[in-house]
Amino acid sequence: MKKFTLFLLLFSAAVCAQETAFYNDLKFELDLIHHTATVAVNPKVSGELLIPESIPVGQETFVVTEIGDKAFRGAKTLSAVVIPATVTRVYRSAFDGTAMMADKNMWQNGALIVDSVLIATNKSIKSKFVIPANVRLLACGAFENNKTVARVEIPAHIDKIDNYMFMGCSHLERLTINPSVKWIGQDILTNSAIYKNDKKWRKGALIVDGCLIAMKKDGPAKYDFKSKVPIRLIAAGAFAGNKTISKLVIPSIITEIAAATFYGCEALQEVTIPQSVTKVGTMAFAECGKLKMAALPATVTEIGARCFYNCVNLQEQNLNEHITAIPTACFFACRGLKQFTLPQSVTAIYAGAFAGCTNLESISLPAGLQVLGEQAYAGCAKIVEVNIPAAINEIKKGTFQDCRQLYRVTLPEGLYAVSDEAFMNCLSLEKINIPESTFRIGQRAFAACQQLEDFAFVDHIHHIETGAFRDCKVLREVKLPEQLETLGEEAFMHCLNMRKLEFNSRLDAIPARAFKECKALESVEIDSPIETLGDECFMDCSKLSTVNLTADIISWGKNAFKNTRVDVKELMQEMF
């Protein structure tokens, strides 16, 4: 159990990494699914800043939709920011420590408004606050911990109340949510006067103007959503951490299950999702350890990253033809899944999507798949066979790592790389074809593939990197490709059954420990311009007795032939 827990920690850290880009000296985080960009942490910006509507990244364009947490924090000389209409989320913390926060002239009636975005409020605000008509967007936490405001009405032109909006507002007694509001973030009223007023709660739920804001952690085991005012919205994280609810039927008026709505509901076993739902957000059901059933209706067109993350008892999930992407870590560690049929509409499977699904028995990748992310199926110990679609040109880092029963892999023509750790610890892998187009085999790409007996190196492979075939214990013969330019350290170390080794390549060096502990190796034919033998390169090859060289070795590494049958003095005399 400890070993598997470590596996989860390692892979969860890896798959949550985000890609970044720079444009006009600004750093952005990229959402590869939606082709959107977030302004990342840029503490050195100054003066007047113009945020672009979009940024080019290679051949693609990413729309700028968010100014992220702490984006400009500490930028003491930042005096103005132009925010484009494409931006739909701004974090209050983005402006902490900037000149704008400190400039009293920028505050009006207790509010800091920057280019039609209400960023923050202070104690000068009126207790009954009217959001100005020129405000199009409220920043996350804009009113957070304000001790003055007592009443707020969300006007008709505002359609979103973002995360932490009124959190800690100890005097806020009334919030009016206009029907125009279509989305509510998490913890918008936590520790406010409304939240602490027991009279505002019914059946363990805090409901404001038909919007279910929060559910108590020890709320009822069953919840029917019935109230005097029908529930039309469920806030993000509304049920998060609830310890008692086991079954739910979501009302048919709900169109979106927002981010983290049921995160960590440890007793939740079954959820009925209505046909009205079209989107299920990030981490919506993550860490629901007892969840067995949450069937997504045919109306759902999008599921968020880590949606079913670590739902270890999820037994079944079917996706409809509207789904085009399986996002990052969506079904991470769903160990109850045995079968999973991907619709042919899916063109992208992102990092860690099915990593740790240890009981998943088979996969069928859609013919039109264009993206297969890092560690997408890592740790899927029962998968036996994989056919990679034609459009995939790289097996990325750790894609099938630790797939211990994977026996056969078919790679497409046009594949240029098998990247780092792609098939590492695939203990049963016996058969794999390497296309003529393959250029690189990455670090530890086939390390510990203990049943890999034969491996045909195509001539176009230029790079075999560190530890690429380390611990391939039954690999018998190796003839290095003619175009090989790079051979990494420990590339074939501990290949116990390798009997024959031929060099006919461009290599000018055999790196350190490259063939160390190849105990069955008897002879080596080197027909390459080798000039350097690395430290311990053939050390502990106990049967090695014959080395035929056609080149002059300039540099002899330490212990290059230690514990072999090679007479080093005689070999050197033959050369010189």
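Student: Which residue is the bridge partner of isoleucine 510 in β43?

Tutor: The bridge partner of isoleucine 510 in β43 is leucine 533. Before going further, please note that this is a predicted model, in which local features need pLDDT of at least 70, side-chain atom pairs count only at pLDDT 80 or more, and totals for chains, interfaces and linings use all residues. Residues are numbered from 1 along each chain as its sequence is written, and side-chain values use heavy atoms, with hydrogens and water left out.

Some terms are needed at the outset. Helices (H or I, at least four residues) and strands (E, at least two) are DSSP runs, numbered from the N terminus. Two strands are said to pair if DSSP finds at least two bridges between them. In general, strands of a sheet pair through backbone hydrogen bonds, either parallel or antiparallel.

The pair you asked about belongs to an open sheet of three strands, in the order β41-β43-β45, with parallel pairing. Its edge strands are β41 (509-510) and β45 (555-556), each of which pairs on one side only. Between β41 and strand β43 (residues 532-533) there are two bridges, and the two strands run parallel.

Strand β40 (residues 500-503) belongs to another set of pairings. It is joined to strand β42 (residues 523-526) by four bridges, in the parallel sense, and leucine 501 stands opposite valine 524 in β42. Strand β38 (residues 477-479) also pairs with β40 in the parallel sense, over three bridges; here lysine 479 stands opposite glutamate 502 in β40. The two faces of β40 can be told apart: Leu501 and Phe503 make up the covered face, whereas Lys500 and Glu502 make up the uncovered one.

A further open sheet of three strands has the order β28-β29-β30, and its pairing is parallel. Since β28 (325-326) and β30 (371-372) stand at the edges with a single partner strand each, one side of each is left without a neighbour in the sheet. Two bridges join strand β29 (residues 348-349) to β30, and alanine 348 stands opposite valine 371 in β30.

Threonine 438 is placed in the loop between β35 (431-432) and β36 (440-441). Threonine 438 counts as buried because its relative accessibility is 0%; buried means under 20% relative accessible area, exposed over 50%, and partly exposed in between (1.4 Å probe, protein chains only). Contact means heavy atoms within 4.5 Å. Leaving aside neighbours within four places in sequence, threonine 438 is in contact with Leu415, Tyr416, Val458, His460 and Ile461.

The chain has four helices and 45 strands, and its C-alpha atoms fill a box of roughly 95 × 55 × 40 Å, taken along the principal axes. Of its 576 residues, 53% are buried. Among contacts between residues at least 6 apart in sequence, 30% join residues at least 24 apart. As for confidence, pLDDT is the predictor's confidence in each residue, from 0 to 100; the chain averages 93, and 96% of the residues score at least 70. Over residues 1-17, however, the pLDDT is below 50, and this stretch has 26 contacts in the model beyond near neighbours in sequence.
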